[in-house]
Amino acid sequence: MFNWSLAKSKLLLPLTLGCALCLGLNGCQSTSDLGAMSTQESFWQNMQSRVKAIKSITLTGRVKVAYKHDRFTTNFLYQGQDSNNYQLRLLSGVGKELARIKVKDSKASLFSSGHLYEADNAQELFAQYMDIPLPLNEFHNLILGIAPNDMSVFNDFGILLQSQVDNYVANYRDYHTYQNVALPKEIEVLGPQLELLITTREIRDVEFNYPNN
């Protein structure tokens, strides 16, 4: 069993301090295409179809985690095509990789502290070895703002406000405008004894695959 408590004491305290120092000195990374959330109703029409047309994407940002009595902050790098093909790296403030989840063709791998673990289910794999439950089976949909089921809530403009999957509720607080799509800027994820705040700071390497009309 991976000793996550020991890992946190050795890595996550300097990680948190490093993030705070990095943000204080350098500010937030951004991409020139990023803009504030559009309030034009026409912009949001058919938004789900446009976001689903993303073939691949890279996102960077920060996630704050509160689980039981533990609280820490980590940077992340996300590269994904869909829910069955993506990679999520958790990084320290100086770029040290703390953990990496890779999902390919529905098979999951976890790399951490020189160890490799594999399973059919990314969510169960991470919970088993890192002792933190995360909504990894629907992470691609969650971080891109794709409604995973008919339990999602939209406002009158068609802006996704909330999604529910398994025991998790995702509340969408803000969006970036990137070209002709809106992508979540800040997501609050609530689960059993779990609170996440995912903040996307940079969007890049976006490829679209629009179907022929």
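User: What should I know about the model before we go on?
Analyst: This is a predicted model, where local features need pLDDT of at least 70 and side-chain atom pairs count only at pLDDT 80 or more, while totals for chains, interfaces and linings use all residues. Residues are numbered from 1 along each chain as its sequence is written, and side-chain values use heavy atoms, with hydrogens and water left out.

User: What is the mean pLDDT of the chain?
Analyst: The mean is 85, and 82% of the residues reach 70 or more. pLDDT is the predictor's confidence in each residue, from 0 to 100.

User: Which elements have the lowest and the highest mean pLDDT?
Analyst: Helix α1 (residues 4–26) has the lowest, at 38. Helix α4 (residues 139–144) has the highest, at 98. Over residues 1–32 the pLDDT is below 50. That stretch still has 42 contacts in the model beyond near neighbours in sequence. A contact means heavy atoms within 4.5 Å.

User: How many helices and strands does the chain have?
Analyst: Four helices and twelve strands. They are DSSP runs numbered from the N terminus: helices are H or I with at least four residues, strands are E with at least two.

User: What percentage of the residues is buried?
Analyst: Buried residues make up 49% of the 213 in the chain. Buried means under 20% relative accessible area, exposed over 50%, and partly exposed in between (1.4 Å probe, protein chains only).

User: And what share of the contacts joins residues at least 24 apart?
Analyst: 51%, among contacts between residues at least 6 apart in sequence.

User: Switching to charges. How many salt bridges are there?
Analyst: Eight. The rule is a side-chain nitrogen of Lys or Arg within 4 Å of a carboxyl oxygen of Asp or Glu.

User: Which salt bridge does K107 make?
Analyst: K107 pairs with D120, at 2.7 Å from N to O. This pair links distant parts of the chain, 13 residues apart. K107 is in strand β6 (residues 107–112), and D120 is in the loop between β7 (115–119) and α3 (122–130).

User: D120: buried or exposed?
Analyst: D120 counts as exposed because its relative accessibility is 55%.

User: Where do E186 and R173 lie?
Analyst: E186 is in strand β11 (residues 181–191) and R173 in strand β10 (residues 168–178). Their side chains form a salt bridge at 3.4 Å, N to O. E186 is partly exposed at 23% relative accessible area, and R173 is partly exposed at 47%.

User: What lies over the face of F111?
Analyst: R100 does, at 4.4 Å from the ring centre. A charge sits over a ring if NZ of Lys or CZ of Arg is within 6 Å of the ring centre and within 35 degrees of the ring normal. The charged end of R50 also sits over a ring, that of F43, 5.6 Å from its centre.

User: How many aromatic pairs does the structure hold?
Analyst: Seven. Rings of Phe, Tyr and Trp (its six-membered ring) pair if their centres lie within 6.5 Å; planes under 30 degrees apart count as stacked, over 60 as edge-to-face and the rest as tilted.

User: Why is the pair of F43 and W44 called edge-to-face?
Analyst: Because their planes are at 85°, with the ring centres 5.5 Å apart. F43 is buried at 14% relative accessibility, and W44 is buried at 3%. Y172 and Y175 have their planes at 20° and their centres 6.1 Å apart, so that pair is stacked.

User: Which residues form one aromatic cluster?
Analyst: F43, W44, Y172 and Y175. Y172 is buried at 7% relative accessible area, and Y175 at 5%.

User: Last one. What is T199 in contact with?
Analyst: Leaving aside neighbours within four places in sequence, T199 contacts T60, G61, R62, F76, K185 and E186. T199 lies in strand β12 (residues 194–208) and counts as buried, at 12% relative accessibility.
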